[in-house]
Amino acid sequence: MQRNFLKYIWANTKPYQIWMAVVILVSMPFYFFSLELPKRIINGPIQGDPSQVGGGTGRYFEVTLPFAERIVGQPLVLFQGFELSRLPLLLALCATLLVLIILNGWFKLYINTFKGKTSERVLRRMRYEMLDRVLRFPVAEARQVKSAEVAGIIKDEVEPLADFIGESYSGPLFLSGQAITGLTFLFLQNIWFGLLTMVIVTVQFVIIPMLRRRLIELGKERQITARTMAGRIGEILQGIDDVHLNDTSNYARADLTHRLGDIFFIRLELFKRKYLVKFINNLLMQSLAILFYLIGGYFVIVGQLDIGALVASIAAYKDLPGPISGLINWDQQRQMAQVRYIHAIEGFLRDDLEPASLQSEDRPGRIETGYEARQLGIRVDGAQPLLEGVSMQLKRGETVALVAKPTESGVLLLQGLARLVDPTSGRIQVDGADLRGLPESLTGRVVGYADSNTFLPSGKVRDLFVEVLKNRPMRESAAEPDRGSKTAREAEARRAGNPTFDFLADWTDYERVGAAFEEDLIDHIEAVARCAGLYEDICVLGINSPLHDETGAITSHIVEARERLRAHFAASGLEAYVEPFDSHRYHMQSTVAENILFGMPLDPAFDPQNLAHNPAVADLLAASRARALLIELGLEVARTFTEMFGSDSDSALFETVTGLTPERIDQIRQMLARIDREADGAIEREDEDELIALAMNYVEPRDRFGLMSEPLQEAVLELRRGLHRHLESVTPPPVAFYDEATYSPSLTIAENILFGRVATNLVGGRARITSAVREVLKELDLWRAVFAAGLDFEVGTGGKGLTDGQRQKMRLARALMKKPDILILNHALGAFPSGDQKALLEGVLDGARSQSDDRPGIICAPVDPAHAALFERVVLFEDGRLIEDGAPSAVLGRADAEMLEKPREPGTVAEVRE
Amino acid sequence: MTSLNDEVALLRTVPFFSSIDSGRLKLLAYASEKLAFEDGDLIFRKGEAENDTFFILDGAADVVDETGGEAITIAHLPRYSLFGEISAFCNVPRTATMRASGHLMVLRIPQEHFIDLIRSSPAMALQIIRVLALRLVDTTSDLVAARAEGHSVHNDASGSA
């Protein structure tokens, strides 16, 4: 990137700048005439010619050659114009002035829009170049970068540069044009006016920039301080655990406050200085205006100047500070922008960027023979080398385990093979070619890599699988972008030096994994999920997610599925373990509120926890005998809760159990005291509502207070019927009522099939119900839809919706998804107990072996060295040197005990999982 | 369906919980989940990482060791026994596998509530210490016995050589 901002702008916007200059030059004469015209209006039609009756006539549109008198000695009239009397002349001149004003305005509009467009292009180019560079940072370096800082620079810091880019060349041109025109005009009116103005302008040009120099320095300081603060905030948030664990939140506060203070005082000085400069500038310009009145007035009085010329001069002078101070501002902006620019880009100006060709070159291929390391050495940050003089081969089709002491050297070697670190000596070759020279389009598509990292991008499970196949746009998409047409977008991207890849195109490379189209891909995804041990996890996610059943696969079978399940239950004696939803019966496993609702709320006002305060329900309650019964129930619940809570002030436990905050408990206690004070047990209206709200959440099998009487159940059923009648006519319906014959999109798949709730505390019974539901889905051939629903599960930011183990399996699956020629497993799957790791590794190895003609090579540094025995070949490293290489039976016997020591199982005292 | 009051009354008869005031006992029962198992059902497995404590309300449970590949019952816990407390106290994975012996009804007490209970009731803490100490006595005597047996085996072997 060019270090000089003006040059950078010029290099990328030359044609636009030239065009803008042309437009500005063309606009100048019009500006001049708009200054000239008021004078003519006053001197012409308004004053008239006193020597003639009625003021005489004037010429309209007479064109004379400027300065002709001085050059050739006499006025040169180019066009005679029209002879008009005073009033028509006034009208004509005013109309002309109006046209000129409109024209000037239009020029401004055009120029401003054009400037905006140009600066956006440059900005877009800059941002893209920065992003492009980040993507080409050496991986190890990119990890060191503070992500918040980089994002901040690209997003915010370059933004203010846009103002300057538009002005960079056109600004001074336009302004100096205006200033020169104004100045010329003044000179033409009176030589003294011109000279006077010149002197003042010169003074301005000398003094003001001097005063402003410090402003630029301050701006720079402010920028650095703000940026390090952004970095620090990012750092604190990343380590938020530590902040809480070590009670360093106040230290963090102090740190941030200190930085905020720095910014304040920098800005304070900045403001003081800025407004001082403004004050001096204004003073200079305004005091000059007095001179105009004084000197101009004198000339008018002595008759050397006509009043029209003075008025026009003053008008021109009033317009002059704009361009002049604009020019001074421009120079300051230029310096500030240069500083800002250098500051923004310097982090991106590295010499060790990967060559752009490594990523741009589209040279997919296969790894035929495999890897070879030659005298390979890798060290990290100048420390002792962790690998030295390693020469080994890894052939496609063979499976190799690495066992290393210290383990870091094995990790580093595999990172080297995956290009995550660069060798410090020696080289890594793939099919005889140096790895460093191979494009990522080759290695990124045929090398799969999974390590202990658990980061995943956000998106659906399906996206996580498919993303690794998105290397190049494969098929054009018919979809038009929201803003701007596709062609306009592409042209604009080209103008800003961006690549013209269409993000909306279909990027998925189906052919590479042997799938013909999208639907076909799910077979491959399923196979990969099975191999990575993720299939069950995805199905569990699916069965417990609501299904937006677009294909209608499950919807159309819902009645059949429910009937089958009932039959299943009847046959296996599970009937008593499930309480089905029955619109004519009270559902014991649900809260009172859920029983009234008997459906899924579509409008939050009908959420069970809000139901007590819902006006429709309140109306129904007021007319129902349920009200008194619910108040009674609420009172019992309140009494039991306060009894359990006792006088203990340690309420954390209680809160987790009942979901009531200490404040609520206090309120309830006070309410009970109020009620008990009344001799007749009268309860205030507000307290009644409070008690109903408490009662609404009551579930007999959970709360076990023995309060769900027959009359109460009947009363609730009455309410249910009343509510349904009331809501029948409401559109859109606020509640989707449970219906035996329809699929409820707001229930999960399992809930839909079960259409009821588990009503047993028999653990084995619960498991049997779950498996019966699965069985029915499989019988009806709906299991595929469950898997598909699981693929639609949103994993959330960083994949936080999945467990650590699932995320590690997902990363393994992503490596397998591309059908790699070489699969690298670098301490992958560490979240699992050793036995599970072994099973997963066996799964992967079996999967590879089953590809008889096209077997990938697998190289693995297992978390538990004992698993090395699963591989065909084992390589031992000690202190960074290769010491043994051969069949596991031969090599493992020679490894010392320390090397084969089992790592600690996850979930031990030291690392209790969240 | 038993009511909360019945459960509290039942817990009250158990020496273990007799010292806890009734409100707190009610809270404990309320916070805990009542679970049933059928003969042979696994309650938890050795190595699993969850830390709830179980109290046998009805029936019995076996402590099982599976290290050798086959399951060997190493202890039998009768009604009103507490198990799973090691994981609750020490945050370690399960140290043994538990299996229902006949129909079993347990109260599953979440770890935080269990710890909270002990913190708030020294009498209860004392009860638990007593139980743990008795177990230690048993284990020690078992160990002594096993050692003695091992010695005698060793002696026999050397004698015959």
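User: Is A:D781 buried or exposed?

Analyst: A:D781 counts as exposed, because its relative accessibility is 66% and the cut-off for exposed is over 50%. Keep in mind that this is a predicted model.

User: Where is A:D781 found?

Analyst: In the loop between α30 (763-779) and α31 (783-791) of chain A.

User: And what's its phi?

Analyst: The phi of A:D781 is positive, about 60°, although A:D781 is not a glycine. A:F755 also has a positive phi, near 45°, and is a residue other than glycine.

User: OK, where's A:F755, then?

Analyst: A:F755 is in the loop between α29 (749-754) and β16 (756-758) of chain A.

User: Why does A:F755 count as buried?

Analyst: Because its relative accessibility is 2%, and buried means under 20%.

User: Switching to cis peptides. Which residues does a cis peptide bond with omega of about -5° join?

Analyst: A:K405 and A:P406. A:P406 has its place in the loop between β7 and α14 (407-417) of chain A. Another cis peptide bond joins A:T731 and A:P732, with omega about -10°. For A:P732, the loop is the one between α28 (710-728) and β15 (735-737) of chain A.

User: You mentioned β7. What does strand β7 pair with in the parallel sense over 6 bridges?

Analyst: With strand β19 (residues 873-878) of chain A; β7 itself covers residues 399-405. To pick out a pair in there, A:A404 has A:F877 in β19(A) as its bridge partner.

User: What order do the strands of the open sheet have?

Analyst: The order is β10-β17-β18-β7-β19-β20 in chain A, 6 strands with mixed pairing. At the edges are β10 (447-451) and β20 (881-886) of chain A, each pairing on one side only. On average, neighbouring strands of this sheet are turned by 15° against each other, direction ignored.

User: How many bridges join β10(A) to β17(A)?

Analyst: 5, and the two strands run parallel. A:D451 stands opposite A:N826 of β17(A) there. β17(A) also pairs with β18(A) in the parallel sense, again over 5 bridges. On that side, A:I824 has A:I859 in β18(A) as its bridge partner.

User: Why is β17(A) largely enclosed by the rest of the structure?

Analyst: Because 5 of the 5 residues of β17(A) are buried. Both of its faces are covered: A:I822, A:I824 and A:N826 are buried on one side, and A:L823 and A:L825 on the other.

User: Which helix lies across β10 and β17?

Analyst: Helix α32 (residues 804-817) of chain A, running at about 175° to β10(A). Helix α33 (residues 834-850) of chain A packs on the sheet too, touching β7, β17 and β18 (857-861), and its direction makes about 165° with that of β18(A).

User: What is A:Q837 in contact with, leaving aside neighbours within four places in sequence?

Analyst: A:L829, A:G830, A:F832, A:V863, A:D864 and A:H867.

User: New topic, the surface. Which residues form a nonpolar patch there?

Analyst: A:V199, A:V203, A:F205, A:V206, A:I207 and A:M210, with about 500 Å² of accessible area together. A:M210 is found in helix α8 (residues 191-238) of chain A. A:M210 is exposed, because its relative accessible area is 53% and exposed means over 50%.

User: Last one, β5. Which strands do bridges join it to?

Analyst: One of them is β6 (residues 387-395) of chain A: 6 bridges join it to β5 (residues 370-378), and the two run antiparallel. In that pairing A:Y371 stands opposite A:L394 of β6(A). β8 (residues 425-430) of chain A is joined to β5(A) by 5 bridges, and these two run antiparallel as well. There, A:E372 has A:Q429 in β8(A) as its bridge partner.

Conventions
Residues numbered from 1 in each chain as written. Chains lettered and ligands numbered in written order. Predicted model: local features only at pLDDT ≥ 70, side-chain atom pairs only at ≥ 80, totals over all residues. Heavy atoms only, no water. Pairing = 2+ DSSP bridges. Helix = DSSP H or I, 4+ residues; strand = E, 2+ residues; numbered from the N terminus. Patch = residues over 30% accessible without salt bridge, like charges linked within 9 Å, V, L, I, M, F, W, Y side chains within 5 Å. Areas by Shrake-Rupley, 256 points an atom, 1.4 Å probe, with all protein chains shown as cover. Salt bridge = Lys/Arg side-chain N within 4 Å of Asp/Glu carboxyl O. Buried < 20%, exposed > 50% of the residue type's maximum accessible area, 1.4 Å probe, protein only. Axes fitted to C-alpha atoms, helices over the stretch in contact; angles between N-to-C directions. Contact = heavy atoms within 4.5 Å.
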